[in-house]
Amino acid sequence: MPELPEVETTVRGLTPFLEGQRLVAVTTFRPDLRRPFPADLAQRLTGATVTSLSRRAKYGIVSTDRDDHMIFHLGMSGRWRTEGGEAGKHDHLLLETGAGHRLFLHDPRRFGSVDLVNGDPLALFPAFVTLGPEPLADDFDAAYLARALAGRRAPIKAMLLDQAIVAGLGNIYVCEALNLAKISPLKPAADVPRAKLAPLVHAIKAVLTAAIAAGGSTLRDFLSPEGDLGYFAKDWRVYGREDEACECGGTIVRTIQSGRSTFHCPKCQR
DNA sequence: CCGTGGTCCTGGGAGC
DNA sequence: TGCTCCCAGGACCACG
């Protein structure tokens, strides 16, 4: 499931194929993913030159010299295919560059999305306006988290999944960070001791940084932009490890919170 | 405002 | 072998 590290890896992987390149053809193979593609997507991108690629939360942004910004979300099974060839069943969008590269947006479950904004996307794209800070940025710190969680009775896990609190975490890295920081995912957010917030912030930054360094971890679906099947993360601390031993010697349990699986160790996470 | 739960979508694994 | 069932997940919306 592409979370922040996978999107970051994707953006970095796409950059050499797209930055400075003219888009000579843009093709959609169906009308929609989760939502319709912008009706004028191909018309507006064709002939434009890509000036930069960036990321906000779990979204990738491809910016052009027309001040158009294509914003993609990979959902749970999306990836960019850079090995070229012809469009397959689950290829839904194709970008062809002046250098001859053919980049397919491949998304079997179609949980992803593609939007197009003219002008500053951070100010104009609705989903960006309400986002909290980037977890790897300096303004995401213990003081911020203390303010954001004050009075909140929802479990800390739910709060960390809330993109308005912090932008880019998903189920896997929230479980991992909470285990590393030795905090129970079930604990009401406001009841997490103030002294544990700095370790929590540190843990979040650590798991994300490690995952980016590893090239973005993955479940079955994610492939790197280079198209290889690399980096299948086997080194999660708790995620997907029900009944296995935690580092502390306890046994990892799986519970359901808000309909989603949570993995944690009741012995060291309190 | 807050918290929770349903919904979208489809591939893949489990179970019969 | 082939069928059915159910789960995975982020974002968004409706509800109490």
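## Basis of the model

Local features of this predicted model need pLDDT of at least 70, side-chain atom pairs count only at pLDDT 80 or more, and totals for chains, interfaces and linings use all residues. Residues are numbered from 1 along each chain as its sequence is written, chains are lettered from A and ligands numbered from 1 in the order in which they are written, and side-chain values use heavy atoms, with hydrogens and water left out.

## Domains

Chain A is divided into domain 1 (4–129) and domain 2 (142–264), with bounds that come from an automatic or database domain assignment. Between the C-alpha centres of domain 1 and domain 2 the distance is 28 Å.

## The largest pocket

The largest pocket holds about 780 Å³ of space. A pocket is defined on a 1 Å grid over the protein atoms alone, as an open set of points where a 1.4 Å probe fits, with protein on both sides within 12 Å along at least five of seven lines; its lining residues have an atom within 4 Å of a point. Its volume is the space filled by probe spheres set on the points, which are joined across faces, edges and corners.

Domain 1 and domain 2 each contribute at least three residues to the lining of the largest pocket. Of the 28 lining residues, Lys-58, Gly-75, Met-76, Phe-111 and Arg-260 lie nearest the centre. At least two lining residues come from each of α7 (171–180) and β10 (260–264); helices (H or I, at least four residues) and strands (E, at least two) are DSSP runs, numbered from the N terminus. The lining comprises 12 nonpolar, 10 polar and six charged residues, where Ala, Val, Leu, Ile, Met, Phe, Trp, Tyr, Cys and Pro count as nonpolar, Asp, Glu, Lys and Arg as charged, and the others, Gly among them, as polar.

## Helix α5

Helix α5 (residues 142–149) has Ala-142, Tyr-144, Leu-145, Ala-148 and Leu-149 buried, that is, under 20% relative accessible area, with exposed meaning over 50% and partly exposed in between (1.4 Å probe, protein chains only). These buried residues line one face of the helix, because they fall within an arc of 155° seen down its axis; the arc is that of the directions from the helix axis to the C-beta atoms. They pack against α6 (156–161) and α8 (197–213), contact meaning heavy atoms within 4.5 Å. Just after α5, Gly-151 has a positive phi of about 80°.

## Positive phi in two loops

Asp-67, in the loop between β3 (59–64) and β4 (68–73), is a residue other than glycine with a positive phi, near 65°. Its relative accessibility is 38%, so Asp-67 counts as partly exposed.

Lys-182, in the loop between α7 and α8, also is not glycine and has a positive phi, near 60°. Lys-182 is partly exposed, at 39% relative accessibility.
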